[in-house]
Amino acid sequence: MTNPATMTMDFLMLDSGAIFSEQTVRGGESNPRAKVLDQYDLHSYDLLGAGHKFLIIDEFIDQELMAQQRERIRAFLDQGNILSFGGHLFRSWIPGASAFIPKTIHSHHDYLVTVGDHPIFEGVRSEDITYNKGVAGFFSRGHHPVPEGAEILLRLAGEEPITYIDRQSSEGTIVVHAGRNLLNYRQSDTSTGRIGEQFHRFLYEEHERLQQKQRRASV
């Protein structure tokens with residue numbers, strides 16, 4: 001049995017403290033490899049030396065604070081690490097990312113999510129993402145314009161890209177989703193319950209790919 005005291009804290013999850021945030025309850029305390037850090041302790045935290053592989057940030061984060069920390073976030077990525085953000089950007093702090101654009105809605109059909117062919121969403125049905133208890137719009141209500149070369153995973157009905165992977169804007173990998181933390185899609189009686197585990201698996205596989213890339217570059 002693995003001793004929790006010797007586990008590496010692969011995940012750093014910034015806790016916004018918002019009442020609706022699920023970082024601590026579902027993303028942090030339930031993950032023995034995660035450290036949950038109050039967002040306002042980030043300025044004094046050893047982000048580059050703590051050995052984390054993944055920085056997970058949800059939609060309730062203080063983006064003014066993140067803008068102040070943009071250089072450290074960039075340095076974390078350039079170590080060959082991964083940033084995952086779920087939410088609506090309105091300040092510039094993620095390399096390559098643009099501000100969120102709300103979607104003009106005429107009917108619930110405008111919220112229809114098109115699922116691409118990617119392991120994170122393998123086996124996930126479009127209708128299960130689009131509708132929650134018969135109501136559309138919970139999963140995403142707009143998009144972020146993607147940086148050049150980004151891989152688009154999900155789109156809204158008008159082809160707006162709502163989830164993308166950016167491997168070009170830094171030496172790491174950036175996942176931006178115009179909705180909630182993808183790791184929290186676990187407990188569900190629909191196919192959306194697959195997303196959290198599959199995203200978790202993707203993060204580790206992607207981090208290993210990044211480390212191999214850096215090892216080859218250093219030879």
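## Overall dimensions

For a chain of 219 residues, a compact globule would have a radius of gyration near 17 Å; the value for this chain is 17 Å, so the two agree. The model is a predicted one. Along the principal axes, the C-alpha atoms occupy a box of roughly 50 × 40 × 35 Å.

Five helices and 12 strands make up the secondary structure of the chain. Counting contacts between residues at least 6 apart in sequence, 64% are between residues at least 24 apart.

## Surface and charge

Buried residues account for 48% of the 219 in the chain. The accessible surface is about 10,900 Å², and carbon and sulfur atoms contribute 50% of that area.

The chain carries 22 positive and 29 negative charges. The mean position of the positive charges and that of the negative charges are 2 Å apart.

## T163 in strand 11

T163 belongs to strand 11, which spans residues 161-166. Its relative accessible area is 0%, so T163 is buried, the cut-off being under 20%.

The side chain of T163 makes a polar contact of 2.7 Å with the side chain of H177. Apart from neighbours within four places in sequence, the residues in contact with T163 are F121, E151, I152, L153, L154, V176, H177 and L182.

## H207 in helix 5

Helix 5 covers residues 195-218 and includes H207. With a relative accessibility of 8%, H207 falls under the 20% limit and therefore counts as buried.

A polar atom of the H207 side chain lies 3.5 Å from the backbone oxygen of G80. When neighbours within four places in sequence are left aside, H207 is in contact with K53, F54, G80, N81 and I82. G80 is therefore one of the contacts of H207, as heavy atoms within 4.5 Å count as a contact.

## F138 in a loop

F138 sits in the loop that runs between strand 8 (135-136) and strand 9 (142-143). Its relative accessibility is 48%; because this lies between the 20% and 50% limits, F138 counts as partly exposed.

F138 and A18 are 120 residues apart along the chain, and their C-alpha atoms are separated by 18 Å.

Methods: Residues are numbered from 1 along each chain as its sequence is written. This is a predicted model: local features need pLDDT of at least 70, side-chain atom pairs count only at pLDDT 80 or more; totals for chains, interfaces and linings use all residues. Side-chain values use heavy atoms; hydrogens and water are left out. Helices (H or I, at least four residues) and strands (E, at least two) are DSSP runs, numbered from the N terminus. The radius of gyration is taken over C-alpha atoms; the globule rule is 2.2 Å times the number of residues to the power 0.38. Buried means under 20% relative accessible area, exposed over 50%, partly exposed in between (1.4 Å probe, protein chains only). Accessible areas come from the Shrake-Rupley method with a 1.4 Å probe; for residues, only the protein chains shown count as cover. Lys and Arg count as positive and Asp and Glu as negative; His and the chain ends are not counted. The place of a charge is taken as NZ of Lys, CZ of Arg, CG of Asp or CD of Glu. A polar contact is a pair of N or O atoms within 3.5 Å; within protein, one must be able to donate a hydrogen and the other to accept it, and residues adjacent in sequence count only if both atoms are side-chain atoms.
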